[in-house]
Amino acid sequence: MEVELLSVGEPGVRASVDVAAIFAAHQLGLVRLALMMVGDRATAEDVVQEAFARTHAGRKRLRDPDRALAYVRSAVLNGCRSVLRKRRVAVRRVVPYEPPIWSAESAALVGEDRREVLLALRELPRRQREALILRYYFDLSDLEIAETMGIGASGARSTIARGLAALGRALGEDA
Amino acid sequence: MRTEDRLRDALDEAGRTVGPATLRTLVAPRRRLITGRTLAVAMTTLLLAGGTAAFLQVRETNEQLRTMTMGFPMLVHEHRPGDPELSVYLCPEESPFPVCQTNGAATSEQKVNIEQALRAMPQVASVTFKDHQTSYDEFIRKEANATLARVVEPSDLPESFWLKMKEDVDWTPTIQAAKGLPGVSNVVNQKCFNDFGPDDPRILRCQTLLYLEDGSFLVS
């Protein structure tokens, strides 16, 4: 569902893609991606909106439709990174506080196991977290993950492997 | 259950907490909009990471503003020994500072008077003037937020006088007197931000909060 690209123009014809259209078509997935990274929905929606505004302001049209979705996902991940970075140093919250989905105060998740997994995921290094979300929620290939994260395919593969191993350890599972 | 499966389940459930029906509509940015209803946004001091601040006035719509406040920039204006310690900001047009709203932008006569008054103060060692363009150049150099950088224009950044203070003098009289000069919007103690780390609650002494129409606020 997520990887499906908009078909633009005749098949086989290289057409440019409107970034805004990609955002609109994939908003839900993008918000979910941001949610998994930043933890709360309001911030997640803000991140997507900001990424949208930023790319849209340049009226950017991508020449390569196959890369459009990776491009907007990268933009959203970048937004998440900067939110997380700012949280570390932020003096005040600008957005109203909403408990992150993995916290005990949040009513969003039902199962304790889910929460435990998300908490462990949150403790992983940022790259591992991104790679695991792209793989295990969005089912992206190594190549797609690499492109989204701006790293090499082998890097993506090993990041996923390391992340999964670390997650297993954190959850007290056998390797 | 294997780690992969547990992870899939957890992500799946997390994803389901956001449904398509209630998604906020994405808002396309308009090009630089001065026309129409302009929203007094802020003379803001942006402060982060123990650094300090710059003043900024942006006129944008609520929606964009919200976006921008959220992605607010990390402006680290590092104060080094020997740098001017106090900055005296002049009223621009459409300033949210109440003191500027009655009289509008600082006039050239006011600027002359301000400079003379500052130079005459016994605690002040030197006074330098920073115009729109210089402030803008500094802002752009430090601005990591592309959206904000794109909509800001030189005229959005107010002019200012920067004061180097003599050693071992009390700055309070200077700050108070400068704040009272006609055409001055605010005075910021640049060094204050360096004195407290970003997690130190005392840093709030260095800033005032400006509430915007949409309920968000900027730190200034």
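Axes here are lines fitted to C-alpha atoms, for helices over the stretch in contact, and angles run from 0 to 180 degrees between N-to-C directions. Helices are DSSP runs of H or I with at least four residues, numbered from the N terminus. This is a predicted model, in which local features need pLDDT of at least 70, side-chain atom pairs count only at pLDDT 80 or more, and totals for chains, interfaces and linings use all residues. Residues are numbered from 1 along each chain as its sequence is written, chains are lettered from A and ligands numbered from 1 in the order in which they are written, and side-chain values use heavy atoms, with hydrogens and water left out.

Start with two helices of chain A. Helix α1(A) (residues 19-38) packs against helix α5(A) (residues 126-136) at about 145°, and their axes lie 10 Å apart. Contact means heavy atoms within 4.5 Å. From α1(A), Leu33(A), Met36(A) and Met37(A) take part. They meet Arg126(A), Arg129(A), Glu130(A), Ile133(A) and Leu134(A) of α5(A). Five of the residues in this contact are nonpolar (Ala, Val, Leu, Ile, Met, Phe, Trp, Tyr, Cys or Pro) and three are charged (Asp, Glu, Lys or Arg).

Stay with α5(A), which also holds Gln128(A). Gln128(A) is buried (under 20% relative accessible area). Its value is 10%. Beyond its neighbours within four places in sequence, Gln128(A) touches Thr159(A), Arg162(A), Gly163(A) and Ala166(A).

Now move to helix α7(A), residues 153-170. Its buried residues include Thr159(A), Gly163(A) and Ala166(A). Their cover includes α4, α5 and α6 of chain A, together with α1 of chain B. Just after α7(A), Gly172(A) has a positive phi of about 70°.

Technical notes:
Expected span 1.5 Å × (residues − 1). Buried < 20%, exposed > 50% of the residue type's maximum accessible area, 1.4 Å probe, protein only.
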